[in-house]
Amino acid sequence: MTTTIRSVSDVPVPLPQTSQTRIGPSISTVTSPKRLARIAGVLYLFVGITGGFAEGFVEPKVYVAGDAAATAAAVVANAGLVRLGVVSDLLDQTLFVFLALTLYVLLQHVRQSVARTMVVLVALAAGISSLTAVFEFAGLRVATGAVDMAALGIAGSNAVVLLLLDTQHYGLLIAQIFFGLWLVPLGYLAYKSGMFPKALGAVLIVGGICYLVDLLAAFLLPAFSQQFHGFIVIPCAIAEIWMVLYLLVWGVRTVKPMGRGIAKV
């Protein structure tokens, strides 16, 4: 039912405050751009911490490419660390999805189709990476004897461990396709929104392209990739660290109407 308030004068009479009008400001505060940006910054920070632990600390300790005996021995010696790495990897991917959803809410007004593409790419990366964690855990079970591989002998069992961790390693490289691609729509949205420095948006796009170049080099030119990797990931690191710091420290630039134009504050 629609209620009309009539006034005997030409001065409009304000509507009485209802529960809907009372909760409006609190909702807008929760979903304000700066609040969303800082939530995204915290999520992005934890994505970096959990992912860095799982892939930058645990994997190098337990995976020795091409050496089955050394890999199996390292997995057994660091069994607890491997378990932590698997949990950290799964937590990393979960936080990654929530990060993408938060950025979607923040940036969908720029171009919704691009924001949706960003979320889909993150979902693909998280799905593949979560699946690779299964191979790492299976390698741990074989190495520690939880799966009976006696019929294959020690050498055969070690070979299976290496194969499982190889699968995890190259699975993460395949997921890098989407880890790289998601930065491109993110960079575009950041560039076009006016909520971030345009240079940051451009560097995010360059970082995404560098991830893809690094991936192609790893599969097509593996010998050259080892020397190339340390340099090609520099723009990726700059882009993502800059984005995290900007979200945490500055949030976003808000825009206020000012006459016919807008003022950024």
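Which residues in H6 meet which residues in H8? In this predicted model, the H6 side of the contact is made up of Tyr 170, Leu 173, Ile 174, Gln 176, Ile 177, Phe 179, Gly 180 and Leu 181. On the H8 side, the residues that meet them are Gly 208, Tyr 211, Leu 212, Asp 214, Leu 215, Ala 218 and Phe 219. By residue class, the contact of H6 with H8 divides into 11 nonpolar, three polar and one charged.

Two packed helices are described by the angle between their axes and the distance between the axes. Helix H6 spans residues 153-181 and helix H8 spans residues 198-220. The axes of H6 and H8 come within 7 Å and cross at roughly 155°. An angle over 145 degrees counts as roughly antiparallel, and H6 and H8 are therefore roughly antiparallel to each other. The crossing in which H6 passes H8 is left-handed.

The cysteines were examined for disulfides. A disulfide is a covalent bond between the sulfur atoms of two cysteines. The count of disulfides in the model comes to zero. For Cys 210, the closest cysteine sulfur is in Cys 236, at 4.9 Å. Because a disulfide requires sulfur atoms within 2.5 Å, this separation of 4.9 Å is too far for a bond. Cys 236 is likewise in no disulfide, the nearest cysteine sulfur being that of Cys 210. Cys 210 is buried, with a relative accessible area of 10%, and Cys 236 is also buried, with a relative accessible area of 1%.

Key
Residues are numbered from 1 along each chain as its sequence is written. This is a predicted model: local features need pLDDT of at least 70, side-chain atom pairs count only at pLDDT 80 or more; totals for chains, interfaces and linings use all residues. Side-chain values use heavy atoms; hydrogens and water are left out. Axes are lines fitted to C-alpha atoms, for helices over the stretch in contact, and angles run from 0 to 180 degrees between N-to-C directions. Helices (H or I, at least four residues) and strands (E, at least two) are DSSP runs, numbered from the N terminus. Angles under 35 degrees count as roughly parallel, over 145 as roughly antiparallel, 65 to 115 as roughly perpendicular and the rest as oblique. A crossing is left-handed if the near helix is turned anticlockwise from the far one by less than a right angle, and right-handed if clockwise. Contact means heavy atoms within 4.5 Å. Ala, Val, Leu, Ile, Met, Phe, Trp, Tyr, Cys and Pro count as nonpolar, Asp, Glu, Lys and Arg as charged, and the others, Gly among them, as polar. Buried means under 20% relative accessible area, exposed over 50%, partly exposed in between (1.4 Å probe, protein chains only).
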